[in-house]
Each structure stands twice: as C-alpha cells, then as structure tokens.
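This briefing is intended for a reader who is new to the structure shown below. Its points are grouped by topic.

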Amino acid sequence: MTRKKILITGAGGVGTLSIYNELKNKYDFYFSDNNLENIHPKIPRKKCFHVPLAIDKKAFEKKIFIIIKKYKIDLIIPTVDEELIFFSQKFTTNSLVPQYEFVKIFNNKLLTFKSLLKNKILQPALVNKKSIKNNKIYPLIAKPIFGRGSSGIIKINNYNEYFYLKKIKYFDDKNYITQKYVNGIEYSVQMIANKNGNLISIIPVKIIEKKGITIQAYVSNNNKIIKLCKKFHNVYRPNNIYNIQLIMNKNGVYIIEINPRISTTHILTLKNGINPLKIFFSKHDLNYENKNLKKLFLKRYQETYIINK
C-alpha cells in the first residue's frame with residue numbers, strides 16, 4: 001500500500017522531530033523551512049526544502065506549489081502562523097488547518113478579543129487607555145495584534161514601565177492590544193476535529209514550565225477545561241486541528257489565545273493514540289471520544305551537535 005505523502009512547513013520548529021519519529025513508518029514525510037539548518041539533523045536532508053518567508057508572498061507561494069506538485073503531496077501540516085491564511089484559502093481540502101474564516105479571526109488578537117466578547121466567552125479584559133495611569137489596573141499584558149505564539153508579548157508591571165516602553169517604541173497602540181494580566185495555572189489544549197468540524201478529541205495539557213515554548217507539561221483530564229473547550233468548539237465549529245491556551249484560577253477559566261494550527265506539544269496527542277492524520281484521511285464520520293487520557297509528562301532537554309562541514 002502506498003503511503004500518504006505529508007509536508008510539514010516550518011519544520012525547524014520544536015515539535016517536528018517528535019511527529020516524524022512517531023509517524024515515519026506510517027507516512028512519507030517531507031519538510032520545508034526558510035532556514036534548513038534549523039531542522040533537526042535526525043530528519044533526512046533529502047526530504048528538506050528551502051522556502052522563502054511567508055511575508056514574501058509571491059515567492060513563498062510559488063515554491064510551495066512547486067514542492068506540492070513535484071512530490072504529489074497529499075496533506076500539508078502548516079506550523080507557522082504567517083502561513084495559515086494562505087493554506088486555509090488555497091489548500092482547503094488538503095491542509096491540516098481550520099477553515100479560512102476561523103483562521104482570519106484567530107490569527108488576529110484584536111478580532112479574537114471582539115469575537116470572544118460577542119460570544120460571551122471569558123477572557124482577560126481589554127484595558128481602557130483612559131485608565132492607563134492608574135497603577136491599580138496593573139500588571140498588564142501587551143500583545144502584538146499579529147504575532148507568532150508568545151513572541152512579542154510583554155508583561156507590564158506599572159505605569160512607569162508602560163510609559164518607558166512606549167517612549168522607546170518597544171510597542172504601540174496601533175499594533176498591540178493591552179489586556180489585564182490574569183494569574184493562574186496555564187493550559188494548552190489540542191483540539192481535534194474531522195473535516196466537517198465534528199469534534200473528535202480534546203487533549204488538555206497543564207503547563208509546568210515555559211520559555212517561549214513549553215519545557216515541562218503533562219496531560220490533565222480537567223473537567224472545567226474540557227467543558228469550556230467544548231463550548232468554544234460548539235460556537236465556532238472549526239474543522240481539523242487547533243490549539244486553545246487558557247488560564248484557570250479561582251475566578252474561572254480564561255481563554256488567552258487561540259492558535260489555528262497544530263501545537264508544539266502535539267506529541268502528547270499522538271502518544272495517547274490519537275492520530276489527526278488518520279482522522280483526516282478517514283472516510284468514516286467519527287464520533288467524539290475523549291477516553292481517559294494517559295497522564296503523560298513532557299520534558300524538553302537541550303542537545304548539542306558537532307557537524308563537520
């Protein structure tokens with residue numbers, strides 16, 4: 001039987017190797033990135049292809065079309081936020097991203113806030129600029145409206161910090177939104193649906209340590225988290241795969257971000273026997289099945305490689 005051909009974009013990211021190791025005997029993998037040296041050396045170089053950054057729209061799209069046509073790619077797994085709009089528009093039937101309208105909203109922090117507010121889903125409050133001098137509202141979180149993961153997010157502890165960061169133009173009100181900082185336990189939840197938007201599985205991951213990417217975390221069957229994620233999915237009904245980031249404290253469960261793509265902790269989904277690729281290719285309309293997930297623990301370590309060039 002011929003194996004399906006899968007292209008992972010942004011393959012220099014932290015989660016690529018674990019996906020490859022787990023599924024390499026089931027699928028034929030290909031990889032793309034703007035910097036091939038970022039791709040882990042254990043990934044076969046003959047399957048790795050350079051692509052321009054997505055901000056160079058024409059060049060990026062041209063190279064992607066060439067790779068997909070030449071190698072007869074069956075499914076694309078985009079991992080870079082700047083690429084998601086393109087794949088949700090141009091590859092609606094063969095990319096593992098939600099539908100375009102969902103990506104359009106949740107790739108934009110301001111549209112995200114407005115949409116969650118409209119649907120009465122709990123989130124950190126937006127800060128009124130008229131009250132910015134009041135130190136009682138601090139700490140705050142400033143987020144780039146268009147940003148990748150946690151990149152560019154700033155915690156601001158008081159008005160002096162706010163004033164200084166604005167003065168040196170570290171951020172601005174045009175390109176950032178400012179919200180109340182919510183303290184609590186962070187969760188990253190992988191949401192798996194089929195191509196029709198029917199929810200298949202919810203995998204909540206409790207974050208222990210994070211430095212840009214998740215360093216330590218474990219799978220947690222938290223009913224409050226699962227309940228809110230079900231509510232969210234029933235409102236928007238996105239297809240395929242996406243990630244919800246939340247904070248839980250005594251006041252409730254707050255959605256802090258939606259990533260309309262696979263998460264960097266996706267290996268915990270695969271290790272629980274849930275394979276979104278199998279779901280994508282399935283000809284059957286699968287039902288929701290959130291079996292008792294194994295409480296798996298994720299821990300990332302650094303590696304050093306010496307390469308003779």
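Lys72 lies in the loop between α2 (57-70) and β4 (75-77), where helices (H or I, at least four residues) and strands (E, at least two) are DSSP runs numbered from the N terminus. The model is predicted: local features need pLDDT of at least 70, side-chain atom pairs count only at pLDDT 80 or more, and totals for chains, interfaces and linings use all residues. Residues are numbered from 1 along each chain as its sequence is written, and side-chain values use heavy atoms, with hydrogens and water left out.

**Backbone features**

- Most residues other than glycine have a negative phi, and most peptide bonds are trans.
- Lys72, which is not a glycine, has a positive phi near 50 degrees.
- Lys72 is exposed, at a relative accessible area of 64%; exposed means over 50%, buried under 20% and partly exposed in between, with a 1.4 Å probe and protein chains only.
- Tyr138 and Pro139 are joined by a cis peptide bond with an omega of about 5 degrees.
- Pro139 belongs to the loop between α5 (109-118) and β5 (140-144).

**Overall fold**

- The chain contains nine helices and 13 strands.
- The C-alpha atoms fill a box of roughly 65 × 45 × 35 Å along the principal axes.
- Buried residues make up 51% of the 309 in the chain.

**Nonpolar cores**

- A nonpolar core is a set of buried Ala, Val, Leu, Ile, Met, Phe, Trp, Tyr and Cys residues joined through side-chain atoms within 4.5 Å.
- The largest such core has 34 residues, and Phe29, Phe31 and Leu277 have the most contacts inside it.
- Among the elements that give two or more residues to this core are β1 (5-8), α1 (16-23), β2 (28-33) and α9 (276-281).
- Leaving aside residues up to four places away in sequence, Phe29 touches residues including Ile6, Ile8, Leu23 and Leu277; contact means heavy atoms within 4.5 Å.
- A second, separate core has 22 residues, including Ile202, Cys229, Phe232 and Ile258.
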